[in-house]
Amino acid sequence: MPTNTSERGEESTATRRAVLEAAGAGSAVGAMATLFSTGAAATDVDPEPASGGDDLFDVERTARAVFPQSVASGGPTPAGAIVWTRIDEAAYEANEPVGLQVTPAPDDSTPNEAADFSTDTQHFRVPAAELAPGDDYTLSVDLDGELDADRFYFYRFVFDGDASPVGRLRTLPEPDADPDRLKLACASCNRYEQGYYGAFAHMAREDADYIVHLGDFIYEYGGSGDFPGRGIQLPSGKGVAHTLEDFRHLHRTYRGDELMQSALERHTFVMTWDDHEIVNNRWWNYEEGYPNTTSHPYGDDPEKMRQLYVEGIAALVEYLPFRVDYDPDAEELFDRFELYRRFRFGGLAEILMTDERLYRSPPPEDEFGQRDTATPPSREADDPDRTMLGTEQREWFVDGVTSSPATWKIWGNSVLNAALKTTNLGEQGSFYLNYDAWDGYEYERQLIMGELKREARSRGQALNLVTLTGDMHAYVAGYLKTDYREPERQAPFPGAEKSRVGVEFMSPGVSSDSLGEASPTPADLEEDAVEAAVESQNPHIEWFNWSRSGYTTIEFTDDGAVYTAYEVDRSVDAADASKRLLRAYRVPEGEVELQELSGSRTDVTSATSSATDVDATEEASDD
Ligand SMILES: [Fe+2]
């Protein structure tokens, strides 16, 4: 399979899409059957004549029904991006090629609907064989090498006279360019049954360069929804995904949502995954060489778990515009799918997206053998053999952060890196909230932070490390440190800042139940009392909010980075679901310092936002 692992950087060639033979998919034949599967790289296309040349590009109408999951883009490079669509099964014709039109956007504010494909348009022909029932009628086209750097483009697919909705993509600047600004909208945790996607509609309207998705793009669950129209019936009839068809059904369902589509049509995605793209709280069993979990009936069956991964990953690369190394013929899962990579935004920033699920060893167990509950601090987390990233990825990451010439190093990190103790006021004292996050991997966390701190000390200046995190269905603004267990070195004690390495900003769930809603708490405890207690128990955390859903933005310039946290109502299925600014922080360049923006706690609704004296409110007035 065409993969390029020599440099997991901007220029790598994507290997995309699975074609799983139906015979092997989901059957009890097991992992071996899928080794006969074929696979396809994202289609590389050559330009057609400027006019399009033939009637392939004669558009009779725009037909959303022919493209029920609309379009999407991801995996930007300085010379392109991956663009994606899916043809409805009923509209599919076996020998029909697909046309793709791409035209520069006149500026960064022209709406997609105003795209003009009559002039200055590149035409590409995608051979009919690239669109196949075996890929569930999905199509990924890699435009790397075809486009100019640092530009927005409009694109659309054409199939048998029907045009798709218009999408917009953004290429990266050249590595030696000097862009003024990078703005990211950040999202995680889109559980379909638990809410609507108004947050995605608001992200669509952000003047962002990219959307960074930090994992849990889908959840593996079926079941009745908490809101009308949000139930999911898995083809297998089970409560959690068991088969390729289950995973495909989940992706089709999530991506059928028009509010989610609006964000994917408008912005290019940069993504990592977390656990739920396959199964809850998963890790790698290194002793026996298979992926493990306690959250699935297959959990302790090596062959069935491998098969579950094969099929979940196959659906993932069919459906998401990921730039990953993917080889569906590889026997070993580690050789089959490699997600972690970096995206260089000129001299301003470098985004490093890590994979915190495929290579992780199991988190520590509590005294009852549970691995995913609040747990008293355990020496087990200090085990030097316990890893979140795996040795190869960890070295790649540390090297990437310490060697990048970019001003800002942005870590796309799916699970919370900073320590988080809860305030259990009983006899047992404080608990770590979640050993499934970095608290369960204390040794490796200290190893990484120690190396980054040493580099900063040797330079005599901060590395400008900003960590973006999802997973926990909460908002966090805090500091990353070399050691969280030395209270005398933490604020408000003198010298607390000396152990700081960078900052961490969490994005809440888009639609998943918030942590507070999902947590049993004493009925007489107010929401903000818990939050204040968590902040006091964890002096490195400046802000903790566990009761809301929405999204965040972060804007980088030469002077600083501004994180802005929004709540969006997930109980209404509307593009104008109410939106409220919750908090905003600024990090000055060259310092590891969180400055709360004054006035950022002002309530702002989507319809009536008005400018005040904070940068953050400009972002709130996007609609
Ligand atoms: Fe989640």
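In which sense do strand S25 and strand S27 pair, and over how many bridges? The legends below, for a predicted model, begin with the whole chain and return to this pair in the third view.

**View 1. Overview of the protein chain.** The predicted model contains eleven helices and 32 strands. Of its 623 residues, 62% count as buried. Among contacts with a separation of 6 or more, 73% are made by residues 24 or more positions apart. The accessible surface amounts to about 21,900 Å², and carbon and sulfur atoms contribute 46% of that area.

**View 2. The open sheet of seven strands.** The strands follow the order S20-S21-S22-S25-S27-S26-S28, and their pairing is mixed. The edges are formed by strand S20 (341-345) and strand S28 (541-545); each has a single partner strand, so one side of each lacks a neighbour in the sheet. From one strand to the next, the twist averages 20°. Strands of a sheet pair through backbone hydrogen bonds, in either the parallel or the antiparallel sense.

**View 3. Strands S25 and S27 with the helix packed on the sheet.** Strand S25 (residues 465-469) is paired with strand S27 (residues 500-506) in the parallel sense, over four bridges. Within this part of the sheet, Leu 468 has Phe 505 of S27 as its bridge partner. Helix H8 (residues 442-459) packs on the sheet and touches strand S22 (408-413), S25, strand S26 (475-481) and S27. The direction of H8 makes about 125° with that of S27.

**View 4. The crossing of helices H3 and H5.** Helix H3 (residues 244-255) and helix H5 (residues 302-319) have axes that come within 8 Å and cross at roughly 30°. Angles under 35 degrees count as roughly parallel, and the two helices are therefore roughly parallel to each other. The crossing of H3 past H5 is right-handed. On the H3 side, the contact involves Leu 244, Phe 247, Arg 248, His 251, Arg 252 and Arg 255. H5 contributes Leu 308, Glu 311, Gly 312, Ala 314, Ala 315, Leu 316, Glu 318 and Tyr 319.

View 5. Phe 227 lies in the loop between strand S14 (210-213) and H3. Its relative accessibility is 22%, so Phe 227 counts as partly exposed; the category of buried residues ends under 20%. Apart from neighbours within four places in sequence, Phe 227 is in contact with Glu 193, Gln 194, Gly 195, Tyr 196, Arg 570 and Ser 571. For one of these, Glu 193, the C-alpha atom is separated from that of Phe 227 by 7.0 Å, although the two residues are 34 residues apart along the chain.

Methods
Residues are numbered from 1 along each chain as its sequence is written. This is a predicted model: local features need pLDDT of at least 70, side-chain atom pairs count only at pLDDT 80 or more; totals for chains, interfaces and linings use all residues. Side-chain values use heavy atoms; hydrogens and water are left out. Buried means under 20% relative accessible area, exposed over 50%, partly exposed in between (1.4 Å probe, protein chains only). Contact means heavy atoms within 4.5 Å. Accessible areas come from the Shrake-Rupley method with a 1.4 Å probe; for residues, only the protein chains shown count as cover. Two strands pair if DSSP finds at least two bridges between them. Axes are lines fitted to C-alpha atoms, for helices over the stretch in contact, and angles run from 0 to 180 degrees between N-to-C directions. Angles under 35 degrees count as roughly parallel, over 145 as roughly antiparallel, 65 to 115 as roughly perpendicular and the rest as oblique. A crossing is left-handed if the near helix is turned anticlockwise from the far one by less than a right angle, and right-handed if clockwise.
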